[in-house]
Amino acid sequence: MVKADMVLDVICVHSYIGYTRLVRAAERMRAQGTDVAITFRPYEIAPAASDSPQPLMPVLERMLGPYAATQAEIFTWQAARDGLELRYDRAVATGSFRAHLLIGRAAEQGLAEPVVERLFRAHFTDGLHIAGEPVLRAIAEECGVDLGPGGAGTLAKGSEEADELRGQLHRLRRHGVPAPPVFRIGDGPILLGAQSEGVLYEAMAATARTVDAAF
């Protein structure tokens, strides 16, 4: 089995592109009979962001000034090359803490990959408020994630899972993990930024060869 780690945030466009390439590389390996287990590590690129939804572009304009529209166009073009649709005209600015809680619950059930993809698409394409309980509940149901008796309320910021998530986020910051995406395939080197599918695939293939040699 090949193990892959990825640090990401579901409101980060570079993470969206990097995730897409990582999963495509993993699917190529799986098609050849090699199991690939992906672990997602949470990161908040906007830890102070409010969970109250507001249009994203005005927020970006306050942060980036007159360059916001140009940056949005560049990101949209870059994502389109990977078959992804970014709709900055309807995207919602929000925090991602509760979305990370859902990813953690999904990972316990072996469903992290589809949930991460759906959260990215909900935010960047569908213009949904991914910190809102109705959206989180709908995504969980769509992806087959059991939220238990508490439903989406179990994804509250005062839950035990939330305390564990805060610990993970703190450890990443303490270790100086840079902005996402960040990858590590097996025991290989840390890879920073949205690596190409080819680079990620070759890292997986090299790891698989090392594992096979050990046996």
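## Basis

The model is predicted, with local features needing pLDDT of at least 70 and side-chain atom pairs counting only at pLDDT 80 or more, while totals for chains, interfaces and linings use all residues. Residues are numbered from 1 along each chain as its sequence is written, and side-chain values use heavy atoms, without hydrogens and water.

A pocket is an open set of points on a 1 Å grid over the protein atoms alone, where a 1.4 Å probe fits, with protein on both sides within 12 Å along at least five of seven lines; lining residues have an atom within 4 Å of a point. Points are joined across faces, edges and corners, and the volume is the space filled by probe spheres set on them.

## Largest pocket

The largest pocket holds about 560 Å³ of space. Its lining has 26 residues, with I11, I45, L56, L60 and M63 nearest the centre. Two or more lining residues come from each of α1 (13–31), α2 (56–64), α3 (68–80), β4 (92–93) and α5 (112–124). Helices (H or I, at least four residues) and strands (E, at least two) are DSSP runs numbered from the N terminus. The largest share, five residues, belongs to α2.

By class, the lining has 20 nonpolar residues, six polar and no charged. Here Ala, Val, Leu, Ile, Met, Phe, Trp, Tyr, Cys and Pro are nonpolar, Asp, Glu, Lys and Arg charged, and the others, Gly among them, polar.

## Second largest pocket

About 420 Å³ of space lies in the second largest pocket. It is lined by 22 residues, and F40, I103, G104, R105 and A107 are the closest to its centre. β2 (36–42), α4 (97–108), α5 and α7 (160–174) each give two or more residues to this lining, and α4 has the largest share with seven. The lining of the second largest pocket comprises eleven nonpolar, five polar and six charged residues.
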